[in-house]
Amino acid sequence: MKLFIVTVILVLLVALKMPRKRTRHELLATIQFALLMNFVTDLYLDLKYKLYWYFDKEQIEWLYLSVALGEVAVLLIIFNYFPLNSNALKKFIYILGWTFILVFLELYAVYIRVLHYGEWKTIYSAGVYFISLYILYFVLDYTADKRETQ
């Protein structure tokens with residue numbers, strides 16, 4: 001568990017220290033939408049279908065806040081550098097690359113027993129991450145300040 005907390009702190013520091021390429025409004029709107037989408041999905045897939053869960057299934061864990069903080073940090077990095085003004089192929093490759101990174105991070109969370117699989121499979125995560133990142137790309141594009149040059 002300590003390793004997970006250290007990892008979250010390190011990723012959060014990287015996210016906070018990186019040079020910002022997007023406006024606060026763009027990042028805030030995209031990350032708020034992502035968190036809402038994630039919390040609803042996690043609750044639904046955990047409580048209704050018992051597909052996966054975090055920490056101890058029998059009690060509420062305050063450590064879940066560290067999962068949310070880690071998610072915010074990773075999302076800040078992903079969408080700060082998103083190639084919004086690039087062609088479709090570059091966007092596709094960027095989303096595909098981050099899908100692999102997110103699957104790797106999820107497998108790390110399973111390995112250190114922060115995340116537990118019930119009937120969930122890693123391939124499901126890859127599909128969900130890929131689709132979610134595309135949805136979030138549209139949110140970012142919608143909120144992007146078109147007056148600024150990137």
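In these legends, contact means heavy atoms within 4.5 Å. The model shown in every panel is predicted.

**Figure 1. Phe79 and its neighbours in the largest nonpolar core.** Setting aside residues up to four places away in sequence, Phe79 touches Arg22, Leu27, Thr30, Leu133, Leu136, Tyr137 and Leu140. The core around this view has 25 residues, and Phe79 is among those with the most contacts inside it, together with Ile78, Phe82, Trp98 and Leu133. Helices α1, α2, α3, α4 and α5 each give two or more residues to this core. Its largest share, seven residues, comes from α3. Another core lies apart from this one; it has 13 residues, including Val8, Leu51, Val67 and Ala109. As a general point, nonpolar side chains in soluble globular proteins tend to be buried together.

**Figure 2. Thr30, a buried residue of helix α2.** Helix α2 spans residues 24–48 and includes Thr30. Is Thr30 buried or exposed? Thr30 counts as buried because its relative accessible area is 0%, and the cut-off for buried is under 20%. Its side chain reaches the backbone oxygen of Glu26 at 2.8 Å. Beyond the neighbours within four places in sequence, Thr30 is in contact with Phe79, Leu136, Val139, Leu140 and Thr143.

**Figure 3. The largest pocket and the residues that line it.** This view takes in the pocket, with a volume of about 850 Å³. Its lining is made up of 36 residues, and those nearest the pocket centre are Asn38, Tyr54, Glu71, Leu102 and Tyr129. Two or more lining residues come from each of α1 (2–17), α2, β1 (52–54), α3 (64–80), α4 (88–111), β2 (115–117) and α5 (122–143). Which element gives the largest share of the lining? That is α5, with nine residues. Sorted by class, the lining has 26 nonpolar residues, seven polar and three charged.

Figure 4. Ser66 is buried, since its relative accessible area is 9%. Leaving out neighbours within four places in sequence, the contacts of Ser66 are Phe4, Ile5, Val8 and Phe55. Val72 counts as partly exposed because its relative accessibility is 21%. With the neighbours within four places in sequence again left out, Val72 is in contact with Ile31 and Leu35.

**Figure 5. Val110 in helix α4.** At 25% relative accessibility, Val110 is partly exposed. Which residues does Val110 touch, not counting those up to four places away in sequence? They are Leu115 and Tyr117. For scale, the C-alpha atoms of Val110 and Tyr124 are 14 Å apart, and these two residues are 14 residues apart in sequence.

**Figure 6. Lys50 and Arg113, with a positive phi.** Most residues other than glycine have a negative phi. Lys50, which is not a glycine, has a positive phi of about 55°. The loop between α2 and β1 holds Lys50. With a relative accessibility of 40%, Lys50 is partly exposed. Arg113 is not a glycine either, and its positive phi is about 65°. The loop between α4 and β2 is where Arg113 lies. Arg113 is exposed because its relative accessible area is 56%, and the cut-off for exposed is over 50%.

**Figure 7. Met1 and Arg113, 112 residues apart in sequence.** How far apart in space are Met1 and Arg113, C-alpha to C-alpha? The distance is 8.0 Å. Met1 lies in the segment before α1. Its relative accessible area is 43%, so Met1 is partly exposed. Apart from neighbours within four places in sequence, Met1 is in contact with Phe55, Leu63 and Val114.

How values were computed
Residues are numbered from 1 along each chain as its sequence is written. This is a predicted model: local features need pLDDT of at least 70, side-chain atom pairs count only at pLDDT 80 or more; totals for chains, interfaces and linings use all residues. Side-chain values use heavy atoms; hydrogens and water are left out. Helices (H or I, at least four residues) and strands (E, at least two) are DSSP runs, numbered from the N terminus. Buried means under 20% relative accessible area, exposed over 50%, partly exposed in between (1.4 Å probe, protein chains only). A polar contact is a pair of N or O atoms within 3.5 Å; within protein, one must be able to donate a hydrogen and the other to accept it, and residues adjacent in sequence count only if both atoms are side-chain atoms. On a 1 Å grid over the protein atoms alone, a cavity is a set of points where a 1.4 Å probe fits but cannot get out, and a pocket is an open set with protein on both sides within 12 Å along at least five of seven lines; lining residues have an atom within 4 Å of a point. Grid points are joined across faces, edges and corners, and a volume is the space filled by probe spheres set on the points. Ala, Val, Leu, Ile, Met, Phe, Trp, Tyr, Cys and Pro count as nonpolar, Asp, Glu, Lys and Arg as charged, and the others, Gly among them, as polar. A nonpolar core is a set of buried Ala, Val, Leu, Ile, Met, Phe, Trp, Tyr and Cys residues joined through side-chain atoms within 4.5 Å.
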